[in-house]
Structure formats: C-alpha cells, structure tokens
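Trainee: I have a model open on my screen and would like to learn how to read it. Could you take me through it feature by feature?

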Amino acid sequence: FRLLYPDIATLSISRADGNTDTYLVDGTYVAAAWAGNRAAPTIDVATPWTRGRLVGFDDLARTLDPVQQNQVAVKGLTVFSQRQRIIECRHGLTTDMTNVLTKTPTVITIADEVQQQSRATLDRFVGQKFLDGLTTQIEGQLSATMKNLVKAQIINAFTGVSAITSPDDPTVAEVEAYYQPVFPLLYIVVTFNLRSSL
C-alpha cells in the first residue's frame, strides 16, 4: 500500500503541567495510526477501509477539494478527509488499480487470511503416509475451514474444493478452491423516474 494522503496532520499532547503542545506531524504518523486502527481486535480483515475513523489527531493540516481527492485516489493513494472534527478514510485503495480484486485493500487482506487459515488447517497432513483417501480428508478439512470463513463473514461463498496427487510428483497433493470475498459497499446509485401518474 502506498503512503496515505494527507501527508501532514496536527497532533496535541498534554503535558504534566496541564498545558497542551500541538505538533505538525508528517504522513508516516497518519499511516502508523491507520495500521494500528486496522490491527484492532474489533476489526476483521473484511471490515471496509472506507469511512473508517482515525483518532488521535486534531486536524488534517492539508485538505483537498473532492475533485483533487479523486485525482489523488485514481493514482492508488488512500485518501483521508475531515468532516467537522471527524477524520475518516474517504476511500481505501491499493497501488494496483487494475480491477476491483486488486485495488480493494480488504480483498488483499481477505486473500492473506484465507491462505493463512488454509495453511494452518492443512499442515497436519504433511508427513503422513500418502494413502488412498488422504486427498478426500484434505478436501473435507479445507471445506470446513472455508465454511468457517463464510460464517465469520470473511468470504461470501466457495466452491470447487479439490485435492489430487500431483501428476509430476507423487509426494505432492495439489489442492484447489474458488471463493468470493466479502466486498465493501462503496457506492449507491439511485435512479428516480418522474411521472405524471403512477
């Protein structure tokens, strides 16, 4: 992910004597605060970045109008904006703007989570005798993991779980599955139709 915009913000720190000092900090502080926000135990990997709130800062020191924000965002920068005293993620993006699967940060974090959980689930099969039926057990365990990911609202659905012995190496099981991540709702398009009578 590319460094977030804005590149500066203000931060107030209370001193022991009761006074408050205000500092102008660069974008690395904003990026670190956002990373901490996304790592919170109350937020899972599918929680949308868009409209996520950033706390700890007083103000964004540099603001853009909506047109400028769009111009920055299409380059693959995650943009923050401020409404009154609330600082929030305007639109979470990655640097790969090729398509919805590559530009949506939560799709990337979901993919990482699916891989990590699958690796943890299937690791127990490594080192076993590769007897008939082991691929069926692998399919069953991976299907159970995918069902848990659906229940946890990390993925919407999955299909095509299969495990076969590699045709090139009899010590390798080739496992495959397809899944649909939970996407964030980013836009609402409303069409009004005006009629003289209904």
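Trainee: Let me start with the strands: how many bridges join strand 3 to strand 6, and do they run parallel or antiparallel?

Mentor: First, some ground rules. This is a predicted model, where local features need pLDDT of at least 70 and side-chain atom pairs count only at pLDDT 80 or more, while totals for chains, interfaces and linings use all residues. Residues are numbered from 1 along each chain as its sequence is written, and side-chain values use heavy atoms, with hydrogens and water left out.

Mentor: Helices (H or I, at least four residues) and strands (E, at least two) are DSSP runs, numbered from the N terminus. Two strands pair if DSSP finds at least two bridges between them. Here strand 3 (residues 53-54) is joined to strand 6 by two bridges, and the strands run antiparallel. Look for arginine 53, which stands opposite glutamate 88 in strand 6.

Trainee: And how many bridges join strand 5 to strand 6?

Mentor: Five bridges, again in an antiparallel arrangement. Arginine 83 faces isoleucine 86 of strand 6. The hairpin of strand 5 and strand 6 has two residues between the strands, and glutamine 84 takes a positive phi near 50° there.

Trainee: How should I read a positive phi?

Mentor: Most residues other than glycine have a negative phi. Glutamine 84 has a positive one although it is not a glycine; this residue is in the loop between strand 5 (79-83) and strand 6 (86-91). Glutamine 153 is another non-glycine residue with a positive phi, about 60°, and its place is the loop between helix 5 (134-151) and strand 7 (155-165).

Trainee: Is glutamine 84 buried or exposed, and what about glutamine 153?

Mentor: The scale is relative accessible area: buried means under 20%, exposed over 50%, and partly exposed in between (1.4 Å probe, protein chains only). Glutamine 84 has 70% relative accessibility, so this residue counts as exposed. Glutamine 153, at 59%, is exposed too.

Trainee: Now the aromatic rings. How many aromatic pairs does the structure hold?

Mentor: Rings of Phe, Tyr and Trp (its six-membered ring) pair if their centres lie within 6.5 Å; planes under 30 degrees apart count as stacked, over 60 as edge-to-face and the rest as tilted. The structure holds two such pairs. Tryptophan 34 and tryptophan 49 have ring centres 5.8 Å apart and planes at 75°, so the pair is edge-to-face. That pair links distant parts of the chain, 15 residues apart: tryptophan 34 is in helix 1 (residues 27-38) and tryptophan 49 in the loop between helix 1 and strand 3. Tryptophan 34 also forms an edge-to-face pair with phenylalanine 80, at 5.0 Å centre to centre and 75° between the planes. Since tryptophan 34 lies in helix 1 and phenylalanine 80 in strand 5, this pair ties together parts that are 46 residues apart in sequence. Trp34, Trp49 and Phe80 form one aromatic cluster.

Trainee: Which relative accessibility values do tryptophan 34, tryptophan 49 and phenylalanine 80 have?

Mentor: Tryptophan 34 is at 3% and counts as buried. Tryptophan 49 is buried at 10%, and phenylalanine 80 is buried at 3%.

Trainee: Where does the charged end of arginine 124 sit?

Mentor: A charge sits over a ring if NZ of Lys or CZ of Arg is within 6 Å of the ring centre and within 35 degrees of the ring normal. The charged end of arginine 124 sits over the ring of phenylalanine 125, 4.4 Å from its centre.
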